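Q: Could you take me through how to read the features of this model, one at a time?

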Amino acid sequence: MFADKTVWITGASSGIGEAVAIEIAKEGGALILSSRREAELERVKSLCVAAGAAADKILVLPLDVIDYDAMPGVVARAQKFTGQIDMLFNNAGISQRSLCVDTEMETYRRLFEVDVFGQIALTKLVLPIMLEQGRGHMAVTASVAGKLGARHRTGYCAAKHAMMGFFDALRAEVARDGIFVTTITPGFIRTNISVNALKGDGSEFGKVDKNISAGMDVTECARVIMKGFRAGKREIAVGKGMEMKALLIKRLFPNRLFKMVETMG
Ligand SMILES: NC(=O)c1ccc[n+]([C@@H]2O[C@H](COP(=O)([O-])OP(=O)(O)OC[C@H]3O[C@@H](n4cnc5c(N)ncnc54)[C@H](OP(=O)(O)O)[C@@H]3O)[C@@H](O)[C@H]2O)c1
């Protein structure tokens, strides 16, 4: 599916973005790898080359998704790489580990800047390129947290619900223009997400928490995502724990779910 495609992945220096990059590299697709840490992106590029990709088919393109001034120039470099952007995988993100009562407004703002406005800004710059191409694929890593609420995640759940809403609405707008939209709702996946999560004062949580360490292996997660892309799914749920059952419970028995999450975490 990706052999003749150019895929731009944000949050490619770690976790889900890294694992999906490697899977795409195995198919021979061209890759644009973005996040803030260039050295980590170079490490991921080496892994992609080891997985079979040609080095000249991988562009390391550092980007802070909240650096709105730099973004148009970065998008221009991305487009110039192969002359096309077939998929934008909006995957960069940070989580939260704090109660609402302890969370500063600045921390909420940061969560929304990175998890919402950064993704929207980049999507808005890439969308005209895809419209001009007459085709394209927008994907976003939302979360189970974009479907239900959980303790210590008021800002993160709000941000991920926003992303689900944004991309569901975008899908309805661009379907007739040949642009496909996929939302991804992972449960607990073993990555650095909790290490990098924000505490109420904005500092890093710095630990792998219990749910994440018991979560799905990230390579397995990437393979489920790839399978979903190949199957043309509009929404991909990926995970292995109780949180995946919670998605169904929320839909069918919302009150039961509300009670369950009151006693969790
Ligand atoms: N792991 C889970 O259980 C889980 C569950 C549901 C959803 N998700 C979502 O999956 C996505 C990937 O997270 P992960 O689990 O792979 O965690 P991760 O290992 O912490 O990776 C997060 C990625 O986001 C990048 N990033 C953070 N802030 C950025 C910024 N301002 N600009 C550009 N890139 C930025 C990081 O790179 P740099 O530090 O190099 O910038 C890193 O590559 C996130 O959107 C997360 O919310 C994860």
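**Reading the model**

A: Helices are DSSP runs of H or I with at least four residues, strands are runs of E with at least two, and both are numbered from the N terminus. This is a predicted model, in which local features need pLDDT of at least 70 and side-chain atom pairs count only at pLDDT 80 or more, while totals for chains, interfaces and linings use all residues. Residues are numbered from 1 along each chain as its sequence is written, and side-chain values use heavy atoms, with hydrogens and water left out.

Q: Is Gly-118 buried or exposed?

A: Buried means under 20% relative accessible area, exposed means over 50%, and partly exposed lies in between (1.4 Å probe, protein chains only). Gly-118 has a relative accessible area of 0% and is buried.

Q: Which residues is Gly-118 in contact with, leaving aside its neighbours within four places in sequence?

A: Contact means heavy atoms within 4.5 Å. With those neighbours left aside, Gly-118 is in contact with Val-65, Tyr-68, Met-71 and Glu-113. Sequence distance and spatial distance can be read side by side here: Asp-67 is 51 residues from Gly-118 in sequence, and their C-alpha atoms are 8.0 Å apart.

Q: Where is Ile-24, and what is it in contact with?

A: Ile-24 sits in helix α1, residues 15-26, and is buried at a relative accessible area of 0%. Leaving aside neighbours within four places in sequence, its contacts are Phe-2, Val-7, Ile-9, Gly-29, Leu-31 and Met-226. Gly-52, 28 residues from Ile-24 along the chain, has its C-alpha 9.8 Å from that of Ile-24.

Q: How do I read the faces of a helix, and which residues of α9 are buried?

A: An α-helix has 3.6 residues a turn, so residues three or four places apart point the same way. In α9, residues 254-262, the buried residues are Leu-257, Met-260 and Val-261. Seen down the axis of α9, these fall within an arc of 90°, so they line one face of the helix; the arc is that of the directions from the helix axis to the C-beta atoms. The face turned away from the buried side carries the exposed residues Asn-255, Lys-259 and Glu-262. The buried residues of α9 pack against α8 (242-252).

Q: What about residues in loops: where are His-152 and Asp-209?

A: His-152 is in the loop between β5 (136-141) and α5 (154-174). Its phi is positive, about 65°, although His-152 is not a glycine. His-152 is partly exposed, with a relative accessible area of 26%. Asp-209 is in the loop between β6 (179-186) and α6 (210-213), and counts as buried at 16% relative accessibility. Leaving aside neighbours within four places in sequence, Asp-209 is in contact with Arg-97 and Ser-194.

Q: How many helices and strands does the protein chain have?

A: The protein chain has 9 helices and 7 strands. Its radius of gyration, taken over C-alpha atoms, is 18 Å, close to the 18 Å from the globule rule (2.2 Å times the number of residues to the power 0.38) for 265 residues, so the chain is as compact as a globular protein of that length. Of the 265 residues, 49% count as buried. Among contacts between residues at least 6 apart in sequence, 71% join residues at least 24 apart.
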